[in-house]
Amino acid sequence: MKLKELGRLTYAEATTLTVLLIALGFWIGGSYVKPTPISTMAVAFMALSLLLLTGALNWDDCLACTFAWDTLFWIAILMSQSKALTEKGVIAYFAEGVSSSLIATGMPPVGMWMLLLIVYVAMHYLFASQSAHVAAMYPAFLAVMLRCGISRVLSAMSLAYIGNTMTAMTH
């Protein structure tokens, strides 16, 4: 009923839907393209370019979404910081030091697992963004848990679950 009131898709809506489906296809399958995989960022720029070239979106519309540009700017900075921490070896150093210390205590794996989950949650308050926290700390905590002898599935799934649960616990 409501769809009938809205009427047929406009040119801009149909174009946007088509571009979205194309982008989704490239996001899902772009890594399988040989010899050079298509990066997700290239797909995003392609989609934006198509929307602008077809007239489904104009540059004034883009500029009017200041909150989106603000979000993009800060997420880019936070994700770059997380990547730099990983590339410079800070995360690996942390994982090595923590796992060695935990193993030396003689604590059973279940105790180490619970302690690491508590620390993982507590550390999320040191990050301005949950995305940055997960990008930087998930691999480190996963490496620590695996090195401490905790099950791969339990480690990966519990960190993923806690990472999603922290969204509701954020100030």
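This briefing covers the fold, the nonpolar cores and the surface of one protein. The model is predicted: local features need pLDDT of at least 70, side-chain atom pairs count only at pLDDT 80 or more, and totals for chains, interfaces and linings use all residues. Residues are numbered from 1 along each chain as its sequence is written, and side-chain values use heavy atoms, without hydrogens or water.

**Overall fold**
- The protein has 9 helices and 0 strands (DSSP runs, H or I of at least four residues for helices, E of at least two for strands, numbered from the N terminus).
- Its radius of gyration is 22 Å, well over the 16 Å that the globule rule gives for 171 residues, so the protein is more spread out than a compact globule (taken over C-alpha atoms; the rule is 2.2 Å times the number of residues to the power 0.38).
- The C-alpha atoms fill a box of roughly 65 × 45 × 30 Å along the principal axes.

**Nonpolar cores**
- The largest nonpolar core has 21 residues; Leu-116, Tyr-120, Met-137, Phe-141 and Leu-159 touch the most other members.
- A core joins buried Ala, Val, Leu, Ile, Met, Phe, Trp, Tyr and Cys residues through side-chain atoms within 4.5 Å.
- Helices H6 (90-105), H7 (109-123), H8 (130-147) and H9 (152-169) each supply at least two residues of this core.
- H8 gives the most, with 7 residues.
- Apart from this core lies another, of 6 residues, among them Val-19, Ala-23, Val-43 and Leu-51.

**Burial and surface**
- Buried residues make up 24% of the 171 residues (under 20% relative accessible area; exposed is over 50%, partly exposed in between; 1.4 Å probe, protein chains only).
- The protein exposes about 11,700 Å², and carbon and sulfur atoms supply 72% of it (Shrake-Rupley method, 1.4 Å probe; for residues, only the protein chains shown count as cover).
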